[in-house]
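These are my notebook entries on one protein structure. I set down what I looked up, entry by entry, beginning with the overall layout.

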Amino acid sequence: MIANVKSMDNYLICYRIGKVMYVGRYSDGKKITIALTEEDFVAGMEKGTFLKWRHKAALAALHYLALRRSEIPQLKKEDGSKTKELFYIDVKIRLKGSKQTIAIPLSLEAPYVGLIVKAFDYTRKGEAVFPYSSKTIYNIVHRVFKYPHLHRLSRITWLIGNFGTLTARSWTGLSLQTLEWYAEIVNLEKAGRSLAEMGAIRK
């Protein structure tokens with residue numbers, strides 16, 4: 001269980017049995033724990049400003065794969081493979097102590113996955129699909145959404161809410177201890193929605 005959660009030095013910090021875990025940094029000092037809906041994501045992608053089409057593909061990859069912005073530039077052409085229905089992306093090395101994951105399957109029917117596939121197709125073998133610095137990735141996201149970790153939060157809570165913590169671990173490489181924080185967000189939202197049932201009973 002999380003003993004205490006607070007913001008300090010622009011970080012959201014979770015204290016667990018004397019251990020400090022950095023969940024995400026917020027450059028404006030304000031933490032966001034409300035995930036994007038898929039409708040919000042599509043609306044932002046349609047209305048947002050992108051200097052290049054590949055920038056849009058990079059943001060889509062960040063959103064679906066729950067990657068850190070520093071992990072996006074690691075993707076190479078040979079890390080992607082396609083079947084009739086799915087596009088697999090092998091992230092390989094996960095940073096900050098996360099475990100290596102198996103290739104992540106993305107439905108070819110999902111919004112903007114076709115753009116991700118295009119980025120891989122238009123990249124030469126051995127080259128980075130998204131050859132951008134961590135700062136550039138931040139700017140790409142910030143022009144449209146708040147900050148990169150919002151997409152990581154949204155995907156992880158979606159995975160936990162729909163498929164459970166073990167699937168979220170397989171997708172992200174995060175430890176079960178780290179995923180506890182995201183699971184609490186999911187549980188709190190479920191608890192909040194359950195209040196509607198109480199109102200229905202009283203009526």
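**Entry 1: Layout**

I counted the elements and found seven helices and six strands in the protein. I note at the outset that the model is predicted. From the N terminus on, I read the order of elements as β-β-β-α-α-β-β-β-α-α-α-α-α. I then looked up burial and found that 40% of the 203 residues count as buried. I also looked at contacts between residues at least 6 apart in sequence, and 60% of these join residues at least 24 apart.

I turned next to an open sheet of three strands, which has the order 4-5-6 and antiparallel pairing. Which strands stand at the edges? I found strand 4 (80-82) and strand 6 (104-107) there; each has a single partner strand, so one side of each is left without a neighbour in the sheet. From one strand to the next, the twist averages 25°.

I followed the pairing of strands 4 and 5 in detail. Strand 5 covers residues 86-89 and pairs with strand 4 in the antiparallel sense over three bridges. Gly80 has Ile89 of strand 5 as its bridge partner, and Ser81 stands opposite Tyr88 of strand 5. The two strands form a hairpin, with three residues between them.

Which residues of strand 5 lie on the covered face, and which on the uncovered one? I found Phe87 and Ile89 on the covered face, with Leu86 and Tyr88 on the uncovered face. This recalls a general rule: in a regular strand the side chains alternate between the two faces of the sheet.

Helix 3 does so, touching strand 4, strand 5 and strand 6. The direction of helix 3 makes about 55° with that of strand 5.

**Entry 2: Helix 2 against helix 3**

Two packed helices are described by the angle between their axes and the distance between the axes. For helix 2 (residues 53-65) and helix 3 (residues 113-121), I noted an angle of about 115° and axes 8 Å apart. Their crossing is left-handed.

I listed the residues that make the contact. Helix 2 contributes Trp53, Arg54, Lys56, Ala57, Ala60, Ala61 and Tyr64, while helix 3 contributes Val113, Leu115, Ile116, Lys118 and Ala119. The residues of this contact divide into nine nonpolar, no polar and three charged.

**Entry 3: Val113**

Is Val113 buried or exposed? Its relative accessible area is 0%, which is under the 20% cut-off, so Val113 is buried. The C-alpha atoms of Val113 and Ala60 are separated by 7.1 Å, although the two residues are 53 residues apart along the chain. Leaving aside neighbours within four places in sequence, Val113 is in contact with Tyr64, Phe87, Leu106, Ser107 and Leu108.

**Entry 4: The nonpolar core and Leu106**

I looked up the largest nonpolar core and found 52 residues in it. Leu59, Leu106, Ile116 and Phe130 touch the most other members. Helix 2 supplies the largest share of this core, eight residues. I noted beside this that, in soluble globular proteins, nonpolar side chains tend to be buried together.

I then listed the contacts of Leu106, leaving aside its neighbours within four places in sequence. They are Tyr64, Leu65, Glu85, Leu86, Phe87, Ile89, Val113, Ile116 and Trp171.

**Entry 5: Two positive phi values**

Most residues other than glycine have a negative phi. I looked up two residues with a positive value. Phi of Ala66 is near 60°, and Ala66 lies in the loop between helix 2 and strand 4. With a relative accessibility of 0%, Ala66 counts as buried.

Tyr112, also not a glycine, has a positive phi of about 75°. Tyr112 is placed in the loop between strand 6 and helix 3. Its relative accessibility is 14%, and because the cut-off is 20%, Tyr112 counts as buried.

Definitions and conventions: Residues numbered from 1 in each chain as written. Predicted model: local features only at pLDDT ≥ 70, side-chain atom pairs only at ≥ 80, totals over all residues. Heavy atoms only, no water. Axes fitted to C-alpha atoms, helices over the stretch in contact; angles between N-to-C directions. Helix = DSSP H or I, 4+ residues; strand = E, 2+ residues; numbered from the N terminus. Left-handed = near helix turned anticlockwise from the far one by under 90°. Contact = heavy atoms within 4.5 Å. Nonpolar A, V, L, I, M, F, W, Y, C, P; charged D, E, K, R; others polar. Core = buried A, V, L, I, M, F, W, Y, C linked by side-chain atoms within 4.5 Å. Buried < 20%, exposed > 50% of the residue type's maximum accessible area, 1.4 Å probe, protein only. Pairing = 2+ DSSP bridges.
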